[in-house]
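Q: Got a model open here and want to talk through it. Can you take my questions as they come?

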Amino acid sequence: MKKFSVVIAGGGSTFTPGIVMMMLDNMERFPIGELVLYDNDEERQAQLGQALKILLKEQAPALKFSYTTDPKEAFTDKDFCMAHIRVGKYEMREKDEKIPLRHGVIGQETCGPGGIAYGMRSITGMLEIIDYMEEYSPDCWMLNYSNPASIVAEACRVLRPESKVLNICDMPVGTLRRMSQIINKQPEELEVRYFGLNHFGWWTSVKDKEGHEYIDQIKDYVSENGYLTKVEVDTQHMDQSWQDTHKKAKDLLAVNPSYLPNTYLKYYLYPDYEVANSNEKFTRANEVMDGREKEVFTAARNIIEKGTAVDSGFHIDSHASFIVDLARAIAFNTHERMLMIVENNGAIANFPDDAMVEVPCIVGNNGPEPLTQGKIPAFEHAMMFQQLTVEKLVVEAYIEGSYQKLWQALTLSKTIPSAKVAKDILDDLITANSEYWPELT
Ligand code: NAD
Ligand code: G6P
Ligand code: MN
């Protein structure tokens with residue numbers, strides 16, 4: 001079988017060790033001959049790179065491994081780029097979360113003003129790595145899960161329409177795993193229907209392969225417990241704040257009992273509750289810096305000091321194996337059914353063709369083919385159209401350098417109460433992001 005050459009962009013990510021170990025665990029399904037880490041922060045990446053070098057020498061000596069900040073070296077002769085960059089790193093995530101909170105508004109990585117600020121930074125970084133990929137490996141595919149995925153996907157649609165970039169999110173995968181626990185099944189046994197934008201959608205059906213529908217049984221459970229399940233798998237979604245999020249799905253279902261909600265809808269449907277339950281001095285960025293980031297980089301230091309990765313503290317992120325499923329779908333034309341972020345083009349019948357939506361797709365060697373989800377009802381449609389317009393305005397603001405359009409985007413976000421508050425937040429975000437955003441006039 002062909003062995004693939006892979007570059008991970010954002011090599012210094014807290015998710016890199018888990019994903020590399022997951023790929024090792026999947027070598028029979030997806031053989032890798034060469035793996036390169038690429039990052040623009042040499043020091044951050046080197047800590048993980050050195051540790052992984054030791055680990056891979058022990059566990060996969062035949063695999064050619066390196067890490068670099070040189071784009072040419074990283075992107076030459078690659079089949080796949082797995083991209084998980086965070087432009088501005090946790091330092092800027094913390095500001096995305098804390099600045100809106102100072103104005104009494106949701107402070108979140110991908111939703112509301114924080115997501116908009118992050119989007120304005122991410123577009124530049126994403127275009128940079130897409131252009132490197134196309135320059136050095138024109139046939140390479142990028143499997144992107146850098147956030148905020150909706151804004152990134154819309155920017156790709158407008159600015160790099162021909163590029164082989166696939167945008168995917170792990171939230172539906174994680175939630176399906178919880179649903180499968182609720183009904184005592186394995187996720188592979190289930191097939192879903194779903195419509196929405198990224199971090200903004202609903203499941204309309206959860207069936208087994210024989211066609212038995214489980215959605216009512218799952219709704220019964222969620223109406224009491226949210227998506228909190230008794231069986232837990234070790235993922236980043238174990239932290240207290242994520243447990244609260246899974247529980248909150250109960251209140252999301254109460255307002256709209258027709259479908260099963262994506263947990264991120266809580267920021268749009270219960271922003272007052274979320275703000276009241278946030279700590280302006282200690283947000284999710286702090287929880288991650290004190291938790292996952294510390295654990296991963298401490299484990300890396302230990303490996304380097306000991307010179308061995310035996311009992312290392314790096315763990316397989318088996319939750320991320322959907323990335324291998326996606327790479328396999330492209331490489332081996334498996335026609336895997338997956339939720340992807342794609343151009344609508346009629347998949348949701350009564351929604352704009354040029355919207356980047358999240359729907360089930362059949363993925364083969366030409367990429368994803370969306371499955372039609374029919375017409376959607378007024379409540380979901382109105383919420384989605386409002387959010388879609390926010391995302392489109394952000395990308396237009398980025399391209400045109402338009403202060404006015406970004407102000408409109410913030411004003412239209414369901415998380416912000418008025419144009420005045422939107423302007424106050426925008427002015428603070430501009431100051432905080434001066435190194436990263438295009439100039440707005
Ligand atoms: P992190 O800050 O630990 O890692 C991101 C890395 O990207 C850093 O090492 C940084 O130096 C690097 N980087 C920034 N700009 C770059 C550029 N222009 N070129 C190359 N490298 C660059 O962040 P993390 O918490 O590990 O998350 C990584 C990304 O994955 C984020 O975008 C996060 O939102 C995303 N994520 C997505 C999903 C999903 O389902 N879509 C799930 C988890 C994480
Ligand atoms: C989910 C989402 C991702 C998001 C992540 C945040 O997995 O799908 O898009 O990046 O949560 O996790 P964190 O642990 O960094 O808050
Ligand atoms: Mn996501």
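Q: Strand 11 and strand 12 form what, and with how many residues between them?
A: A hairpin, with two residues between strand 11 and strand 12. This is a predicted model, where local features need pLDDT of at least 70, side-chain atom pairs count only at pLDDT 80 or more, and totals for chains, interfaces and linings use all residues. Residues are numbered from 1 along each chain as its sequence is written, while chains are lettered from A and ligands numbered from 1 in the order in which they are written.

Q: How are helices and strands assigned?
A: They are DSSP runs, numbered from the N terminus: helices are H or I with at least four residues, strands are E with at least two.

Q: How many bridges join strand 11 to strand 12?
A: Four, and the two strands run antiparallel. Strand 11 covers residues 356–364 and strand 12 covers 367–370. Strands count as paired if DSSP finds at least two bridges between them. Ile362 has Glu369 in strand 12 as its bridge partner.

Q: New topic. Which residues does UniProt annotate as "active site"?
A: The unreviewed entry lists Asp170 and Tyr264. UniProt positions are in the numbering used here, feature names are shortened, and annotations may be inferred rather than shown by experiment.

Q: Why do they gather at one spot?
A: They span 95 residues in sequence, but no two of their C-alpha atoms are more than 12.4 Å apart, so they come together in one place.

Q: What does Asp170 touch?
A: Tyr145, His319, Ala320 and Phe322, not counting residues up to four places away in sequence. Contact means C-beta atoms, placed from the backbone, within 7 Å.

Q: Which residues come nearest to ligand 1?
A: Gly12, Ser13, Gly125, Asn147 and Asp170, of 27 residues around ligand 1. Near means a C-beta atom, placed from the backbone, within 6 Å of the molecule.

Q: Which helix gives the most to that shell?
A: Helix 5, with three residues.

Q: What about the largest nonpolar core, how many residues?
A: 129 residues. Such a core is a set of buried Ala, Val, Leu, Ile, Met, Phe, Trp, Tyr and Cys residues joined through C-beta atoms within 7 Å. Helix 5 supplies the largest share, 10 residues. Val394 is among those with the most contacts inside the core.

Q: Last one. Why is helix 1 largely enclosed?
A: Eight of its 10 residues (residues 16–25) are buried, so the rest of the structure largely encloses helix 1.

Key: Two residues are in contact if their C-beta atoms, placed from the backbone, lie within 7 Å. A residue is buried if 20 or more other C-beta atoms lie within 10 Å of its own, exposed if 12 or fewer, and partly exposed in between; C-beta atoms are placed from the backbone.
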